[in-house]
Amino acid sequence: MIKIVLIGVWVCIISLGGVYAAVTLSAKSGVEVAKPVIPPAYVAGETLSIPVVTEGAVTGYFLTKVSVMIDQEKAANTHIPIAPYITDELYTVLVGNKMIDLPKVGDLNVEGLRAKIKDDLNARAGDALVTAVIFEQLDYLSKADLAGKSNQKMASKKIIAPEPAPAGTAGGAAAPAQSH
């Protein structure tokens, strides 16, 4: 009987010594704990109707909704509202720079448009705040379509296929850090 008790005490001493050694040696190993990765936040843009002016007259309208994904860590340090900047950038690109030429819509460089919007928004923020640009809607309605089909369903010309909002966003709500 005493043999069994002594074996039990011996096993306990060895186990406690092993745990103590493991904790002591692992604390001195210098291994750093990985910082958790914070996913980018979704900032919904507004649905916009942007006029297309050709030779001094309105020839149609772009119906667009562009949203962005932003780096949450950088957004915490940058207190600018992103949604108005998205609106301004779309007017600049589509009306001011005329990046989309409607007779050649098939030649639209979507990735170039995406990169220009991202680069310009990041330049305004002063940091790489915007990580991705999402086209939720980019359609064109000509003035003839608007005048001739006032009581009928209007047929808009889809310029690009819409992209869904990222999973996990509650109805496209903006990130809390962007309410400043």
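**Notes on the predicted model**

1. Of the 180 residues in the chain, 29% are buried. Please keep in mind that this is a predicted model. The chain has five helices and five strands, and along the sequence they run in the pattern α-β-β-β-α-α-α-β-α-β.

2. A search of the whole structure gives one cavity of 30 Å³ or more, and the largest cavity holds about 30 Å³ of space. Its lining consists of I80, I82, Y85, L121, R124, A125, L129 and V130. Helix 3 (82-96) and helix 4 (110-125) are the elements that give two or more residues to this lining, and helix 4 gives the most, with three residues.

3. What is the make-up of the lining of the largest cavity by class? Seven of the residues are nonpolar, one is charged and none is polar. R124 is among the residues that line the cavity, and it is the charged one because Arg counts as charged.

4. On the surface, a nonpolar patch is worth a look. I7, W10, V11 and I14 form it, and together they have about 430 Å² of accessible area. I7 belongs to helix 1 (residues 2-27). This residue counts as exposed because its relative accessibility is 53%, and the cut-off for exposed is over 50%.

5. Now for the charged pairs: five salt bridges turn up in a search of the whole structure. One of them joins the side chains of K65 and E136, at 3.8 Å from N to O. This pair links distant parts of the chain, with K65 in strand 3 (residues 57-70) and E136 in strand 4 (residues 130-142), 71 residues apart. Is E136 buried or exposed? E136 is buried, because its relative accessible area is 17%, and buried means under 20%.

6. R114 pairs with E111, and their closest N and O atoms are 3.9 Å apart. Both residues lie in helix 4, three residues apart, which is about one turn of the helix.

7. D120 counts as partly exposed at 22% relative accessibility, and K116 counts as partly exposed at 27%.

Conventions. Residues numbered from 1 in each chain as written. Predicted model: local features only at pLDDT ≥ 70, side-chain atom pairs only at ≥ 80, totals over all residues. Heavy atoms only, no water. 1 Å grid on protein atoms, 1.4 Å probe; cavity = no way out; pocket = protein on both sides within 12 Å on 5 of 7 lines; lining within 4 Å. Points joined across faces, edges and corners; volume = space filled by probe spheres on them. Helix = DSSP H or I, 4+ residues; strand = E, 2+ residues; numbered from the N terminus. Patch = residues over 30% accessible without salt bridge, like charges linked within 9 Å, V, L, I, M, F, W, Y side chains within 5 Å. Areas by Shrake-Rupley, 256 points an atom, 1.4 Å probe, with all protein chains shown as cover. Salt bridge = Lys/Arg side-chain N within 4 Å of Asp/Glu carboxyl O. Buried < 20%, exposed > 50% of the residue type's maximum accessible area, 1.4 Å probe, protein only.
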